[in-house]
Each structure stands twice: as structure tokens, then as C-alpha cells.
Amino acid sequence: MTAIEIESLRKSYGDMTAIANLSLSVDEGEFFGLLGPNGAGKTTTMEILTGQLSPDSGQTAVLGADPATQPTSVRERAGILPEKESPPSFMTPREYFDFVGAIRDMPGDVVAARTASWADRLGFTAKLDTLSSDLSRGQQQKVMIAGAFFHEPAVVFIDEPLANLDPIVQERVKRFLRSYRDAGNTIILTTHDVDVAAELCSRVGIMYGGNLVADVRPAELDADVTLLDVFLDTVDATVDREKQPADT
Ligand SMILES: Nc1ncnc2c1ncn2[C@@H]1O[C@H](COP(=O)(O)OP(=O)(O)OP(=O)(O)O)[C@@H](O)[C@H]1O
């Protein structure tokens, strides 16, 4: 079944075209990576898929719900880890998980069990009752990751999940992400870390200028070709093509 469907999507900010004409479909159970240079349109795409922005035209669906007209329904089904966001400074991690559990309608005993299990998995048990404003950037990121997966959503959108994490925790998060995908869930990863995308993703889309310019399965690349090679070649080729006069 299809988890994400995007058809002829367009979005501009004034006269700045962020999404030119994007069509993409992601199946349930895929670990899909979205790569692209700065300004390619990745964040805009994610914000449209999670109901934070309305498209100018085109259709989108997340597990069959339209984020433009049913944003609450999408947010109920999906987990979201935005880049550069922190848990509320005035809450402890435990209070934040209680809050996430309440808006997700989760029973108290499940919230307590998941709080303990996430704190143990990512190593912040000793910080569960510390105000978030007093956590390090990496500790805040651990709490945000746990919050995105807390209700075990079938689709998760994660933007630079490994930012600010030490190498040990990065490995734990990668292991968790693989197992989460192996359990049949869909993960959409936005990142600039091409190696991480190559390591984790079953499929990678490369965006440039608001379009999808390549759709790659890293496991199927020739042994002497890396995803970084494909990324650089694709972006170079697209830049060259755009420099050509229209009639050549
Ligand atoms: N709120 C906004 N107002 C005006 N222009 C915007 C706004 N948000 C994004 N843009 C523009 O839209 C284009 C796409 O931006 P977007 O943030 O989607 O790219 P991105 O691929 O996520 O980039 P990055 O990798 O740098 O985060 C860029 O040219 C950006 O300047």
C-alpha cells in the first residue's frame, strides 16, 4: 500500500518557486531519504506533507489522508521530528512525555512504560526530571526523537535526527530506526548526511530546484559507485542542463 502520495505539487513564496512540479510515491514499509542542496525544497515538501503549509496546487496524501484538508488526521497518524526544535524549556522530559501521551490519548501505564524504555534506550534516565532548559543540545534531541516515536506512528517524518548526538547514541538511534522500519513502518528522512542516507534508506529521492531529479536505491548501486557520487553527478547534470539554451 502507498504511505505517501504526491502528485504535481507546486508551492511558491511570492515569486520564489520552492516546489516546481513534484510527484512522488512512497510505499508502506519504505525507509525513504530526501536529499538535496540547500534551498532544493525538502523542508517545504515536509511541511506540506505534515499539514503545516498549504500547497498552491497538486495533491498529497499521507496514509490516505490529505494534509491540506485533514491536517489533524495526518498529525494523529504521523510522528514528526522537525529540525532544530527542542522540548518546551519549562517542562522536564517526563512532563513532556506525559503531555505527548495526553494529546495522543495514551493510557497512563503505557506512557510510564514508554518513558522508561526511551530514557533507557537513549541514556537519559538521570535527566527525566530535569527542566529541558537545563539539558544539553544532544539531550534535548534525544527527548525530541522519543517524542516523535512515542505513539508508535505508522509514518514518521524525521529531519536530521542524528544532529548533536554523540557517536554511541547515533548508533543506537540508527539501530532503532532500522528495527522500526523492519516492523513495517514508513520512515521519511530529510538529511544532508549522504552517508547516513546510504546506510539507512531503502530508497533515496534527490531534489533540486523544487523537482525530484533522481530516485535511487542505494543497495542497487554498483560497488564502485557511492550515493555521494550519484548525488554530485545528478546535481551537476541538472545545473548543466538548466544552463543550456532552451532550443538546444
Ligand atoms: N517562508 C519562506 N518565505 C520565502 N521563501 C522561502 C520560505 N521558506 C523557504 N523559502 C524558499 O524556498 C526555497 C526552498 O526552501 P526549503 O527550506 O524548502 O529548502 P530545503 O531543501 O529544505 O533547504 P535546506 O537544505 O537549506 O534546509 C528556498 O529558496 C527558500 O529560500
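**Exercise 1. Find which residues UniProt lists for "domain: ABC transporter", and describe that span.**

For "domain: ABC transporter", an unreviewed entry, UniProt lists residues 4–234; such annotations may be inferred rather than shown by experiment. The structure is a predicted model, in which local features need pLDDT of at least 70, side-chain atom pairs count only at pLDDT 80 or more, and totals for chains, interfaces and linings use all residues. Residues are numbered from 1 along each chain as its sequence is written. Next, the end C-alpha atoms of residues 4–234 lie 24 Å apart, and the span is 37% helix and 26% strand, where helices (H or I, at least four residues) and strands (E, at least two) are DSSP runs numbered from the N terminus.

**Exercise 2. Work out the strand order of the open sheet and the helices that pack on it.**

Begin with the order, β5-β6-β7-β3-β8-β9, which is an open sheet of 6 strands with mixed pairing; two strands pair if DSSP finds at least two bridges between them. The edge strands, β5 (78–81) and β9 (211–216), each pair on one side only. Then look inside the sheet, where β6 (residues 155–159) and β7 (residues 186–190) run parallel and are joined by 5 bridges, with valine 156 opposite isoleucine 187 in β7.
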